[in-house]
Structures are given as structure tokens and as C-alpha cells.
Amino acid sequence: MSRSEQAPEQQIAAGYAFTGPALELGALLWDGQCDPDTRIRVPLAVLNRHGLVAGATGTGKTKTLQLIAEQLSANGVPVFLADIKGDVSGISAPGEGGGKVQERAGQVGQDWTGQGFPCEFYGLGGIGPGIPLRATVTDFGPVLLSKVLELNRTQEQSLGLIFHYADSKGLELVDLKDLRAVVAFLVSDTGKAELKGIGGISAATAGVILRSITALEQQGAAGFFGEPEFDTAELLRTAPDGHGIVSVLELPAVQDKPALFSTFLMWLLADLFHDLPEVGDVDRPKLVFFFDEAHLLFNGASKAFLESVTQTVRLIRSKGVGVFFVTQTPKDVPGDVLAQLGNRVQHALRAFTPDDAKALKATVKTFPDSAYDLEEVLTQLGTGEAVVTVLSDRGAPTPVAVTRLRAPQSLMGPIDAGTLDALVRDSPLHARYAEAVDRESAYEKLTAEQQAAEAAAEAAAQEAAAREAAERQEAEREAAGPKAAPRGGRRDESLVGQVMGSGIFRSLARSVGTQLGREISRSLFGTARRRR
């Protein structure tokens, strides 16, 4: 029987009949009936072609993320995911079987057993539970930091000049006080000349940047920037039994800082892109990265930021990394990014308002033609059901399949706080990243230069006072009579001239303008690693 002669449900079944390793998503729903013999799957080899998990609140997106993550781990693929609501930590513990779980397992033909998966738990800057995850300001870069500071295009360009100056002069921006010190120096009378060659920066723009930095510090974000900086290679580890380690970034304590944590997630991805070698197409990804609440990443983003996101997603595939965006509707993701997401799991959408109806129609248009009336189906899906289309093992889109999804094998809910804290303390990474380090960087170097200049000024003032006293004594001797010894030629030099002419004071601008370290190279987002 040819494909055209097959019934629609038979065509769907044939479209998911892969022979290689694949993740099991669930079973086909057709005419209201679940067919456990028609398994809806996604080939392991295409998960670096990226994906989208979307749907309204309460439709089961988090459980779908958990289902995919635990199967990746079982196949030896490391996973990174953000736990924004605090309910994903259960992936580390076996699930609790019950009537609903067993009922779902029977409907989809799943042989369900409870199982936990190896996890590492992280927290941004040590806020909340988890191993502290930090980045240096230098490595974070001007494009990402501009989004966190909510700068406009002109201010973003000015921040780029500041980073360029600090990079070229070896002034390491480890934390926010380093950045503040460099900005303050460059708009000072002494430092203004340093920016003449690269376009300068207005005092008003510098003031906005300084105020934005202060506001970020007052929000408690200073701890996110500093050392020891997190090595993103930690995300690529596997456990001794071969399972991929699931890295969970715990974010409930910073839910009120969405621009910061969403941009920090992008830094992790950009840093991986910067460091990983090209591998081309592989039989399994090196890492799958789940970007939860993805709309927060794109809200208010500059053109430069969006272009960098698009290029990173486009190119990181060839480095073996898959990215799944998790959000409510496909329209939350820019079109250029959405076009690169080959695997789609769309949960139910609501159509309560005109805007909802518009979003529903837009979502339907993003799917291939199918035998379903998707506008109707998407509003009638139950919790744990979704419309699925993925890439086949040949790289072609599979038929659209309404799917009843499998139940995760791990705990569908958070583990208790004491267990989580114990897992964090027992991690071999805890000793490496737990304590912050504040070594000499731009702030200390500029402060030392300023103190040296002040000391030079004081020494020059004392020298001038001594000279004036000597001149008075000489004048008194001259007035006493012609036999007084002749006075040497008077130096016509003011106190300010002496201070500005002193070698120590002149060294301030000169030493700041001297390269103290190798220049830093930057990638798409302006993120950087110092060359060793």
C-alpha cells in the first residue's frame, strides 16, 4: 500500500517508525482514542536541531521537560535546565507510583518504574540553594550586561567602548565595583584623554551607566558577578554509571529578577559556544539546554542582542549542543530563532480573549499541514497531552501527531530542602565554587594609582613648603646686607605645576594606559575568555 493510500493514522505511525535510538514521548491520540501501539518518538541524533515546548500555564510543560531530560540522562546525554518555580528538583529522586501514574502508563503502553537521575544543583551568586554560579563582568560582556542594566542603544555602544578600553589595557572587570571604577576614571579630568582615540563617552551617558550599576547592586545582584567564575565545561559531565548529569539551576529566590537570570542563562550558552569545538552531526548531543520562560530573554532586547541569540542558536548545533525553548506560545520566540527549532511539543492554548485567538491562529500556521483541525485540537487538549512534530532520522519533519505523553519516572515535585542542601554540600564542586574570591582587579589597580597620585601631591606640597621657607630665609639674609650670599635662580613653578609634573602623578594616566595583561578576545555576545 502506498503512503497516499494509507489512512491518516497509519501515515502518522509510519512517520515515527525510527530504527535508531530515540526518546519516547507518548502514544498517538486519534478520534479521542489513545493507541499505545503507535509510539510518538524523537530520534536522539536530531536533538541538537533544537526544539520548542510551549503551552498555556498548567498544561504540563514542566512535566514534558522532565520527561525529555530524564531520558536524555539515561542515554548518557548531559542536560541543563532552569528551575524557576522550584518544582524540578524531584528529577533527582524516584517518582511515586499511584493510581493516576499507573493509569497513564497503561494508556500509553509505558512500563513505568520510579527512578531518580544524577543531578547537580546551582544557585545564581549563591542566592538560594545550590552551588554558587558566578561570572566575571569581563566575561559576561557588554551586550549581555546592557540588557541586564536596561540600557538603550547609545548607552550600550558606550558600554562597549568602556569594555574595549578595559580589555586593551588589561584592566580586569571581575565584579561590578571594577566596572564602576573604570567608568568613573574615564569621565574624570585625568582619564578623559584616554578615550579620545576611541570616540569618547558623554558625562550624561556615563552617569546613566553608573546609576544603573548602583541600582543593580541595590537589588542584590552584586554576588552574581565575581570569582571563582563558573566553568561551563562542568555542564558536560556524565556520572560514573554513564548517565548524563542533569544540571539544575535553582531560581525561585531570584524570580523577581527575570532580566538578570534569563540573560545569565544566555551567557552560559554563549560561553559554551565560545569554548566548544566543531563536531558536526553526531549520534547524540553533547548537551541539551532547556531555556525555560524563554519570553523573558527576548522582552525588551536590543537588535544586537537578538542578532547574537539568533546566530548562537544557528551555529551551536554544529558543536553538538541542542537548545529547547520553553514558553507559552511560539510568538514569544523571534521568527528567525523559531525557524531553527526542528522539534515541537505544543501543549494546549486558551482562546479566552481576542489576543488569545490571534496567538492560536499564529501557532497553527507554524505547523506542517495535517489531518487535524489544529485550531480546535489545541484548545481541547488535556493536561499532559500535546501536538508533536519532530525531525525524523533523515532530517525531515514528521507528521503532526496529537500525543498523550508518558509520565516522568522521577518525582513530579520538589525534594525537601534538607535533602537538597545535603546534595549540594556533598557535591565535589561545592568546595571549588562555594566561597567568593576578591583578588586584585580594575578597582584595586585604579584605587592604588589614585592613592599614589594623592601621595605624590602631598609630597610635592611638602617640598614646595620647604622651598618657600628656604626662600624666605634667603630673602631675610639679602635684606641684612650686601655680604649675604647670592641666591640661586628662582624656579618659576607653581604648586599645581609641581604636582602635575611629578613623576608619580604622571604615572597615573601612563600606567593605566599601559597594557597590564593580554588583550581579551570577544565572541558574538562580547563574552570573553582571557587567553592563556
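Are Phe298 and Phe325 buried or exposed?

Author: Both Phe298 and Phe325 are buried. Buried means under 20% relative accessible area, exposed means over 50%, and partly exposed lies in between (1.4 Å probe, protein chains only).

First, some ground rules. This is a predicted model, in which local features need pLDDT of at least 70, side-chain atom pairs count only at pLDDT 80 or more, and totals for chains, interfaces and linings use all residues. Residues are numbered from 1 along each chain as its sequence is written, and side-chain values use heavy atoms, with hydrogens and water left out.

Now the wider setting. The protein has 19 helices and 14 strands. These are DSSP runs, numbered from the N terminus: helices are H or I with at least four residues, strands are E with at least two. Of the 532 residues in the protein, 52% are buried.

Back to the rings. The structure holds 12 aromatic pairs. Rings of Phe, Tyr and Trp (its six-membered ring) pair if their centres lie within 6.5 Å; planes under 30 degrees apart count as stacked, over 60 as edge-to-face and the rest as tilted. One of the pairs is Tyr122 with Phe230. Their centres are 5.1 Å apart, with 70° between the planes, and the pair is edge-to-face. Tyr122 belongs to strand 5 (residues 119-124), while Phe230 is in the loop between helix 8 and strand 7. The two residues are 108 residues apart, and the pair links distant parts of the chain. Tyr122 has 0% relative accessibility, so it counts as buried. Phe230 is buried too, with a relative accessible area of 0%.

Your pair follows. Phe298 and Phe325 are tilted, at 6.0 Å centre to centre and 45° between the planes. Phe298 lies in helix 10 (residues 295-298) and Phe325 in strand 9 (residues 321-327), so the pair ties together parts 27 residues apart in sequence. These two rings also belong to a cluster. Phe80, Phe289, Phe291, Phe298 and Phe325 form one aromatic cluster.

Glu293 lies in the loop between strand 8 (287-292) and helix 10. Glu293 is not a glycine, yet its phi is positive, near 50°. Glu293 counts as partly exposed because its relative accessibility is 24%. Most residues other than glycine have a negative phi, and most peptide bonds are trans. His50 also has a positive phi, of about 70°, without being a glycine. His50 sits in the loop between strand 2 (33-43) and strand 3 (51-54). Its relative accessibility is 2%, so His50 counts as buried.

A cis peptide bond joins Glu227 and Pro228, with omega about 0°. Pro228 is found in the loop between helix 8 and strand 7.

Strand 7 (residues 246-250) includes Val248. Val248 is buried, with 0% relative accessible area. Beyond its neighbours within four places in sequence, Val248 is in contact with residues including Phe121 and Tyr122. Contact means heavy atoms within 4.5 Å.

Lys319 lies over the face of Phe273, 4.4 Å from the ring centre. Arg344 lies over the face of Phe367, 4.6 Å from the ring centre. The rule is NZ of Lys or CZ of Arg within 6 Å of the ring centre and within 35 degrees of the ring normal.

Last, the helices. Helix 6 (residues 153-168) and helix 8 (residues 203-218) pack at about 85°, with their axes 10 Å apart. Axes are lines fitted to C-alpha atoms, for helices over the stretch in contact, and angles run from 0 to 180 degrees between N-to-C directions. Helix 6 and helix 8 are therefore roughly perpendicular. Angles under 35 degrees count as roughly parallel, over 145 as roughly antiparallel, 65 to 115 as roughly perpendicular and the rest as oblique. Gln155, Ser158, Leu159 and Ile162 of helix 6 meet Thr205, Val208 and Ile209 of helix 8. By class, this contact has four nonpolar, three polar and no charged residues. Ala, Val, Leu, Ile, Met, Phe, Trp, Tyr, Cys and Pro count as nonpolar, Asp, Glu, Lys and Arg as charged, and the others, Gly among them, as polar.
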